[in-house]
Amino acid sequence: MQAFSGLVSVLIVFVWLGGNQVSPLRPICDLRVLDHFVREARDSEVIMRGCRGGCGVMKSYFVPLTRVDFAVWEHIDVQSQAVEVQTGLSLLVQALSTAKITVSNSPLASTLDNNISNIHSLGQILHSLDLQQARSTVLPDDSAPASSQMQEVSSLPELLQVQSSFLRGKVRLLLSAAPACQRQNS
Amino acid sequence: MRKMRSDRLQVVFMLCLAFVTAGGKSFERKVAQLLQDKTEDPKCFVEGKKDLTCFWEVEEERNLHDRYTFMYSYENEKKMACVVSSLSLRASNKTVLFCKFPQALFFTPLNVQVFRDGQILYNRIFNVENVLLLDPPSNLTVMSSGKEGQLNVSWLPPPLKHMDDSMIYEVRYAVEGSHMGKVEKIKASTTLVLRGLQSDTRYEVWVRVKLDGVAYDGYWSSWTDPVFAVTVPTDMDPLIVLLVLFIGLILCLLSLTVILSHHKFLLKKLWPDIPTPEHKFPGLFTVYKGDFKEWMSQNNGSMWGRSVHVYTEELPSPVEVLSEVSLTNYSTSPREGRKPAEKEEGSERADSGLMGGWREPPHAQWLMEQLRALQENPESFSQSTLLQSHDTYVALNQNSQHVQGDTERQVDDVFEETLPLQTLFITAGTSSLSASHSDLGSLPQSSGSGRLSSQSSFEYPNHTWPPKGPGYAYMAVADSGVSMDYSPMSSSSIAELGKHGIYTNEYKNEIFGHKWPFSCQHIESGY
């Protein structure tokens, strides 16, 4: 009887844990998903270039650094890369959300919504690859950027350019080098 | 020790030189290739994850380094200068100045500027990940797959980590020596199967690479050196051969079956039998061995019945004159007798208008004389040539019918033309002649030579003519098959007939027994 009750309690614990936590995702190693996000980020740039009115206001946004020196990058460990990517994605989400408020042009607003959604999906992908570190790295708007991995842009076109470069660069490099995917390939 | 060290240094130096030379050649080739591209100056390319180069063409050959200055700056960074070098392209005989960057940063805007004599010449902003110009693929291998018209192509991509999933390739292939080549594009794979090739043909294959443009972009690499391969020769599929043989066998069997089932019909059509008349002559060849006379004698009745049937289908034709009587012993006497007889007749004609247009034939008098002689000497007359058909003739004239009036003269003319049959009847004496003339005239019929039928409606005034033998009243008729009816008629009917001139007599010939030279034969043949 005691053994039975113990077993039942263990089962209950497992159910609770399972309810609270997100079930482990299968690793998404196909980069075509990311390529799709990259194309949609590029579409935002194109729409931005053609936008005539209601295209947002001049405002500074804190965005991640996008430059990649392969000589340096390849020597950084994956986890550090993951942190950097995750931070950068958070910054981008914040900046895009802020910019979207000032946009009245519907196509542009729509594509910005798309981009925000894509970045959230990237977060899920990173989680599936077991690369998601801190859940929330959102910084308050008024706080100064302390990290050297941030830069400031002063317009929405620049913001969109940064998003595109970030996704094509660091995010992609991280996903392609994810150990979970390397284990699958080998 | 020293000697060993120096040797090692030499080897290292040679390897480095070779590497640099090879790299230099590759670099020169890339510069030459990009020089033809229509991108803005300065033309920049990155060969991999590093080695970013920008170059521009110059015309002067002297003092190049003094005049030109190259400056670059990454985003949010200060400007930096780059060392300018010159390169002479042997192929195109052109000179370029280039700058090799010490560091290549991707995914960030780069600003480059070229100054000539302190004046800005070129100014360009670009991202480095968009100007990738890779080396061509290596280790290109082309092999026959064993199947007809196919070749397996494989290669190795440029050794660029993280970029190989963004590469696309172009495979070009052509028949050796031909200028017509086809190109196949392929993504995310380093092998390809070429299909639809000619059998037993030597092919050339080239490959080049480029980034796909999503994460990275750039220019097409140069083509690899060609690799040759030969496709397998045409081989007949054994299954097809078997099927063809099987179908051929079935067709042969079918045709054989058709031929055998219809061989008689086919033989008849292709090799017809020579027709034989055996079926028309039953028993001729089997029983009588081809003896036609024997066979005829046996099958006489049936044969003649048929021929008679044939003959009876013929239309009746008018009777023709047999022959002229040749006057022999009696030639003079009849003539002598004729003249007075003619005279008498002529007078009689004049006297009695009954004769009308009746004209007596010239031999009538002679015949009458003969008959008179016969009456007197029946024995001698029996041997007269009157019995000979070649001495007799029949004058065909229907004028004898007409007895009455001149009005019938016209009719007589007609009758003379149409129905020239006339019976000559000789009676004793001229008086009887005249009477007999009337009788004769009223008699349209011609009695057959030989015995007369007892049904004859002759009126013999004197009854001196016993109806016996063929001597006294006869006629030789050249009958060519005509059927004439000499049925007994009354004088009144005869007179009527005389008027109308219609012959409705039926000729009943009973001369089968007699051997008349030719007329009888004709008659016999006719009946």
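A:R42 is partly exposed, with a relative accessible area of 30%; here buried means under 20% relative accessible area, exposed over 50%, and partly exposed in between, with a 1.4 Å probe and protein chains only. The residue A:R42 sits in helix 2 of chain A, where helices are DSSP runs of H or I with at least four residues and strands are DSSP runs of E with at least two, numbered from the N terminus. The structure is a predicted model, in which local features need pLDDT of at least 70, side-chain atom pairs count only at pLDDT 80 or more, and totals for chains, interfaces and linings use all residues. Residues are numbered from 1 along each chain as its sequence is written, chains are lettered from A and ligands numbered from 1 in the order in which they are written, and side-chain values use heavy atoms, leaving out hydrogens and water.

A:R42 also belongs to a patch of positive charge on the surface, together with A:R39, B:K185 and B:K187. Two elements give two or more residues to this patch: helix 2 (32–49) of chain A and strand 13 (181–187) of chain B. Patches are built from residues with over 30% relative accessible area and no salt bridge, joining like charges within 9 Å and nonpolar side chains (Val, Leu, Ile, Met, Phe, Trp, Tyr) within 5 Å. A salt bridge is a side-chain nitrogen of Lys or Arg within 4 Å of a carboxyl oxygen of Asp or Glu.

Chain A as a whole has seven helices and two strands, which follow the order α-α-β-α-α-α-β-α-α from the N terminus. Of its 186 residues, 43% are buried.

Strand 11 of chain B pairs antiparallel with strand 10 (residues 138–144) of chain B over five bridges, pairing being assigned if DSSP finds at least two bridges between two strands. Within this pair, B:S154 is the bridge partner of B:T141. The hairpin of these strands has six residues between them, and there B:G146 takes a positive phi near 95 degrees. Strand 11 of chain B is also joined by four bridges to strand 14 (residues 191–194) of chain B, again antiparallel, with B:V193 as the bridge partner of B:N152.

A nonpolar surface patch is formed by B:L239, B:L243, B:F246, B:I247, B:I250, B:L251 and B:L254, with about 700 Å² of accessible area together. Its member B:L243 lies in helix 3 (residues 238–261) of chain B and is partly exposed, at 46% relative accessible area.

Conventions: Accessible areas come from the Shrake-Rupley method with a 1.4 Å probe; for residues, only the protein chains shown count as cover. Lys and Arg count as positive and Asp and Glu as negative; His and the chain ends are not counted. The place of a charge is taken as NZ of Lys, CZ of Arg, CG of Asp or CD of Glu.
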